[in-house]
Amino acid sequence: MEPKKVMLSGIKPSGELTLGSYLGAIRNWKDQADQYDCYYFMADLHAITVRQNPADLRRRTIEQLAQYIACGLDPEKNTLFIQSHVHQHAELGWVLNCYAMFGELSRMTQFKDKSAKNADNINGGLFTYPSLMAADILLYQPDFVPVGDDQRQHVELTRDIAVRFNHVYGETFKIPEPFISKVGARIMSLANPEAKMSKSENDDPGRVTLMDSPDVIMRQFKRAVTDCDACVRYDPENKKGIANLMTIYASCTGKTFQEIEKEFDGQGYGAFKTAVGEAVVELLRPIREETAHLLADKSYLESVCKNGAEKAGYIANKTLRKVYKKIGFVAKSN
Ligand code: TRP
């Protein structure tokens, strides 16, 4: 039997997971486990490129793990781990820094955006972030990396670094493909339908997080930005707010845009917004409840992290040893 293809992705615990993270990414991940050997990690090393409150970072990292599981990622079928628990990430990250060019890193749009937003903290980590991300990926020799559109450039750079390294030292890294899911919906902010729903409240007053209470969710939908046309019609060019709400409603209910247009024909936006809010409340309810349940069981979550880090570390170490040998480091005797 052919070995399963490998898939890997990470999410930074730098903000709360949102409805956008769920519908756009995590929801599609749980169905991959039968077909692929899947690795998912909490990218805490990446989170500190922007200043974090330590207590919040710790809480969010654990909460994110619990949420992954609550969203259906079974730790028996997927390797779930915390990035900083597998020290090979930082080590290969350093090596790959030496194979990533200043010019390449300078061209990353995320670096340009983030340095504009954090003008008082343009640190080296923010700049070399893509080499660490390349290490995250290449350690596991994955075939596919499911990412949002905003990360595509980093995956391209990862490929360039891998090709460059392989060219100098011979076949070392598998060249991964970005995996932009066809089914995942791109969810926009409820406050500004021109921008993707963001994990951070400062960036996005129009976000809905996985942990929001039904009251908060309903309030967010009731004040969602729309237009003054009062007609529920799918027109992503001219009616971005309504198109976004329709995408959310369609993702929750499985209805088509046509069916939704029919359902709310002549009803105005009030009834529609309420229906979308209620659908989201019911979609997120089991996830919120299961997350709370898991968070109460610290020893279970610890065992998941420990097993995940052991499994990931074993694979990561194989790749790192290979790299160290190729570049001429002296092997450490055991
Ligand atoms: N950079 C990604 C983000 O900001 C998170 C990430 C870190 C990642 N390492 C990764 C994603 C490796 C995929 C693969 O969302």
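**Notes on a predicted protein chain**

1. Let's start with the overall fold. The protein chain holds 13 helices and five strands; helices (H or I, at least four residues) and strands (E, at least two) are DSSP runs, numbered from the N terminus. Please keep in mind that this is a predicted model, in which local features need pLDDT of at least 70, side-chain atom pairs count only at pLDDT 80 or more, and totals for chains, interfaces and linings use all residues. Residues are numbered from 1 along each chain as its sequence is written, and side-chain values use heavy atoms, with hydrogens and water left out.

2. Next, the overall dimensions. Along the principal axes, the C-alpha atoms fill a box of roughly 75 × 45 × 45 Å.

3. How much of the chain is buried? Buried residues are 50% of the 334, where buried means under 20% relative accessible area, exposed over 50%, and partly exposed in between (1.4 Å probe, protein chains only). The chain exposes about 16500 Å², and carbon and sulfur atoms supply 52% of that area. These areas come from the Shrake-Rupley method with a 1.4 Å probe; for residues, only the protein chains shown count as cover.

4. Now for contacts, meaning heavy atoms within 4.5 Å. Of the contacts with a separation of 6 or more, 75% are between residues 24 or more positions apart.

5. The aromatic rings deserve a look. Rings of Phe, Tyr and Trp (its six-membered ring) pair if their centres lie within 6.5 Å; planes under 30 degrees apart count as stacked, over 60 as edge-to-face and the rest as tilted. The count comes to 18 aromatic pairs. One of them is Tyr36 with Phe144, an edge-to-face pair at 5.8 Å centre to centre with 80 degrees between the planes. This pair links distant parts of the chain, as Tyr36 is in strand E2 (residues 36-42) and Phe144 in strand E4 (residues 144-146), 108 residues apart. Tyr36 counts as buried because its relative accessibility is 10%. Ring pairs also join Tyr39, Phe41, Phe81 and Tyr140 into a cluster.

6. Which residues does His46 touch? Not counting residues up to four places away in sequence, His46 touches Lys12, Gln83, Tyr129, Leu132, Met133 and Asp136. His46 sits in helix H2 (residues 44-47) and is buried, with a relative accessible area of 2%. From His46 to Gly125 is 8.2 Å in space, C-alpha to C-alpha, although they are 79 residues apart in sequence.

7. Thr158 belongs to helix H8 (residues 152-169). With a relative accessible area of 0%, Thr158 is buried. Leaving aside neighbours within four places in sequence, Thr158 is in contact with Met133, Ala134, Ile137, Leu138 and Pro176.

8. Finally, two backbone angles to check on your screen. Gln141 has a positive phi of about 50 degrees although it is not a glycine; Gln141 is in the loop between helix H7 (124-138) and E4. Ala230, also a residue other than glycine, has a positive phi near 55 degrees. Ala230 lies in the loop between helix H9 (214-222) and helix H10 (240-253) and is partly exposed, with a relative accessible area of 48%.
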